[in-house]
Amino acid sequence: MEDTMTLTLDKTIETFKEKFKISGKLREEGSKYIPGGYSRHSLTYGPHAIYVDHGDGQYLFTADGHKLLDFHNNFTTSMLGHNHHRVRESLMELIPKGFCFGNPMKHEYRLAQILCERIEAVERVIFSCSASESCLSAIRIARATTGKT
C-alpha cells in the first residue's frame with residue numbers, strides 16, 4: 001500500500017513540475033534575489049508556487065499559459081475579482097494625479113464616509129498600509145480611550 005501511495009505522490013509531483021515548468025524556472029531565478037524565490041510562502045503548496053501572469057474576473061492566467069479558477073482570491077481582498085472594470089476605471093482616473101502620497105487626499109475621507117454610512121457600528125475609520133501600522137493605531141486608540149500611557 002505504501003509503495004502505491006509513494007508512486008502516486010511521485011507521479012503527481014512530476015506532473016505538477018511538468019505542467020508548471022516555467023513557474024519552476026521563475027522560482028529558480030527569483031531565488032537569486034528573494035529567499036525561496038518569492039515573498040508570500042503561505043501561498044505555496046507542492047514543489048513551488050505557481051507564478052501568475054495576469055488575472056481576469058475569477059481566473060488567474062499563469063506564466064505557464066494555464067487558466068485557473070482562483071479559489072484563494074488574495075485572502076479575499078479581491079472581492080470583485082481580478083481586473084474588475086469599475087476598479088480599473090477608477091484607477092485610470094486617479095493614476096494621472098499621482099499616487100502614494102504621504103499627505104491625505106479627499107478620496108480618503110470619502111471612503112471613510114461611505115464605510116461609516118453603510119456600517120451601522122462604525123463611527124470613524126483609520127486606514128493603514130501595514131499590519132504594524134494598524135497595531136500602532138490600535139494601541140494609540142486604546143491608550144486614548146483608557147487614559148493609560
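**Figure 1. The largest pocket of this predicted model has a volume of about 1,400 Å³.** Of its 28 lining residues, those closest to the centre are Leu94, His107, Glu108, Leu111 and Phe127. A pocket is an open set of points on a 1 Å grid over the protein atoms alone, where a 1.4 Å probe fits, with protein on both sides within 12 Å along at least five of seven lines; lining residues have an atom within 4 Å of a point. Helix 4 (106-118) gives the most to the lining, with seven residues. By class, the lining has 15 nonpolar, six polar and seven charged residues. Local features need pLDDT of at least 70, side-chain atom pairs count only at pLDDT 80 or more, and totals for linings use all residues. Residues are numbered from 1 along each chain, and side-chain values use heavy atoms, without hydrogens or water.

**Figure 2. A nonpolar surface patch is formed by Met79, Leu80, Val87, Leu91, Met92, Ile95 and Phe99.** Together these residues have about 790 Å² of accessible area. Met79 lies in the loop between strand 3 (67-69) and helix 3 (85-94). Met79 counts as exposed (over 50% relative accessible area, 1.4 Å probe) because its relative accessibility is 73%.

**Figure 3. Gly24 is part of helix 2 (residues 21-30).** Helices are DSSP runs (H or I) of at least four residues, strands (E) of at least two. With 14% relative accessibility, Gly24 counts as buried (under 20%). Its C-alpha atom is separated by 6.4 Å from that of His48, 24 residues apart along the chain.

Technical notes
Patches are made of residues with over 30% relative accessible area and no salt bridge: like charges are joined within 9 Å, nonpolar side chains (Val, Leu, Ile, Met, Phe, Trp, Tyr) within 5 Å. Accessible areas come from the Shrake-Rupley method with a 1.4 Å probe; for residues, only the protein chains shown count as cover. A salt bridge is a side-chain nitrogen of Lys or Arg within 4 Å of a carboxyl oxygen of Asp or Glu. Grid points are joined across faces, edges and corners, and a volume is the space filled by probe spheres set on the points. Ala, Val, Leu, Ile, Met, Phe, Trp, Tyr, Cys and Pro count as nonpolar, Asp, Glu, Lys and Arg as charged, and the others, Gly among them, as polar.
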